[in-house]
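Work through the exercises below with the model open beside you. Try each task before you read its solution.

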Amino acid sequence: MDTVHLKEGSYSFPSGHSQTSSVMMFSIASYYNKKKLWIFSSVLVLLVMISRLYLGVHWPLDVLVGGLLGLISAIFFYKLLINKKDDMRVKIYLIVACVCLIALFFADKSDTYKSIGASFGFALGALFERKYVNFDPKEGTLLKIICYHCSIIIMEAWDLFKQNNVPSD
């Protein structure tokens with residue numbers, strides 16, 4: 001079988017794509033805990049892992065470890081956060097944010113900075129949401145549509161700001 005070889009900026013162990021897709025899909029599956037969703041999530045993660053092998057940017061061990069780390073992380077944090085009171089969640093988010101800030105001093109690649117920044121942003125975003133937004137997914141459809149469009153506007157404004165104010169590489 002011929003494979004397509006892409007020129008990657010950097011290779012990594014474990015596969016970041018496998019780990020990220022695994023964390024995301026298995027976190028959703030853990031939250032809803034439906035058998036069909038677990039199967040669907042597993043298939044999607046497996047497809048991501050296979051795509052990384054097909055493209056020739058990872059070895060089988062890279063994608064396997066990435067997928068397993070994602071699965072373990074999703075289940076661990078689900079168990080850690082699901083039955084906690086809000087004040088305990090706030091402490092956990094603050095710990096994550098502090099660990100991310102400390103990790104910045106040890107980062108050596110731009111991809112690492114991006115990952116740490118995303119984690120830091122998630123932790124601060126979760127704290128902000130708990131304190132000021134308090135979004136309830138059971139609210140009406142109109143509120144969901146408004147929140148969705150507001151988030152798109154904020155993201156586009158941020159991209160526009162970066163294009164005009166942040167020098168490119």
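Buried means under 20% relative accessible area, exposed means over 50%, and partly exposed lies in between (1.4 Å probe, protein chains only). This is a predicted model: local features need pLDDT of at least 70, side-chain atom pairs count only at pLDDT 80 or more, and totals for chains, interfaces and linings use all residues. Residues are numbered from 1 along each chain as its sequence is written, and side-chain values use heavy atoms, with hydrogens and water left out.

**Exercise 1. The overall fold**

Task: State how many helices and strands the protein chain has, and what share of its residues is buried.

Solution. Start with the elements. Helices (H or I, at least four residues) and strands (E, at least two) are DSSP runs, numbered from the N terminus. The protein chain has six helices and zero strands. Read from the N terminus, the order is α-α-α-α-α-α.

Next, take burial. Of the 169 residues in the protein chain, 20% are buried.

Last, look at contacts, where contact means heavy atoms within 4.5 Å. Take the contacts with a separation of 6 or more: 62% of them join residues 24 or more positions apart.

**Exercise 2. An aromatic pair**

Task: Find which residues form the aromatic pair, and classify its geometry as stacked, edge-to-face or tilted.

Solution. Set the rule. Rings of Phe, Tyr and Trp (its six-membered ring) pair if their centres lie within 6.5 Å; planes under 30 degrees apart count as stacked, over 60 as edge-to-face and the rest as tilted.

Apply the rule. The structure holds one aromatic pair. Its partners are Phe26 and Trp38, 5.6 Å centre to centre with 20 degrees between the planes, and the pair is stacked.

Now place the partners. Phe26 sits in helix H1 (residues 16-32) and Trp38 in helix H2 (residues 35-54), so the pair ties together parts that are 12 residues apart in sequence.

Then check accessibility. Phe26 is buried because its relative accessibility is 8%. Trp38 has 23%, so Trp38 is partly exposed.

Ile28 and Trp38 are 10 residues apart along the chain, and their C-alpha atoms are separated by 8.7 Å.

**Exercise 3. Two packed helices**

Task: Describe how H1 and H3 pack, and say whether their crossing is left-handed or right-handed.

Solution. Two packed helices are described by the angle between their axes and the distance between the axes. Axes are lines fitted to C-alpha atoms, for helices over the stretch in contact, and angles run from 0 to 180 degrees between N-to-C directions.

Read off the two values. H1 and helix H3 (residues 60-81) pack at about 35 degrees, with axes 7 Å apart.

Now the hand. A crossing is left-handed if the near helix is turned anticlockwise from the far one by less than a right angle, and right-handed if clockwise. The crossing of H1 and H3 is right-handed.

Who makes the contact? On H1, the residues include Ser18, Ser22, Phe26 and Tyr31; on H3, they include Val63, Gly66, Gly67 and Tyr78.

Zoom in on one of them. Ser18 of helix H1 has a relative accessible area of 0%, so Ser18 is buried. Leaving out residues up to four places away in sequence, Ser18 touches Val48, Met49, Arg52, Val63, Gly66 and Gly67.

**Exercise 4. Helices H4 and H5**

Task: Say where Ile102 and Phe120 lie, and which residues Phe120 touches.

Solution. Ile102 is in helix H4 (residues 86-104). Ile102 is exposed because its relative accessible area is 51%. Ile102 and Ile116 are 9.7 Å apart, C-alpha to C-alpha.

Phe120 is in helix H5 (residues 110-133). With 25% relative accessible area, Phe120 is partly exposed. Setting aside residues up to four places away in sequence, Phe120 touches Ala97, Cys100 and Leu101.
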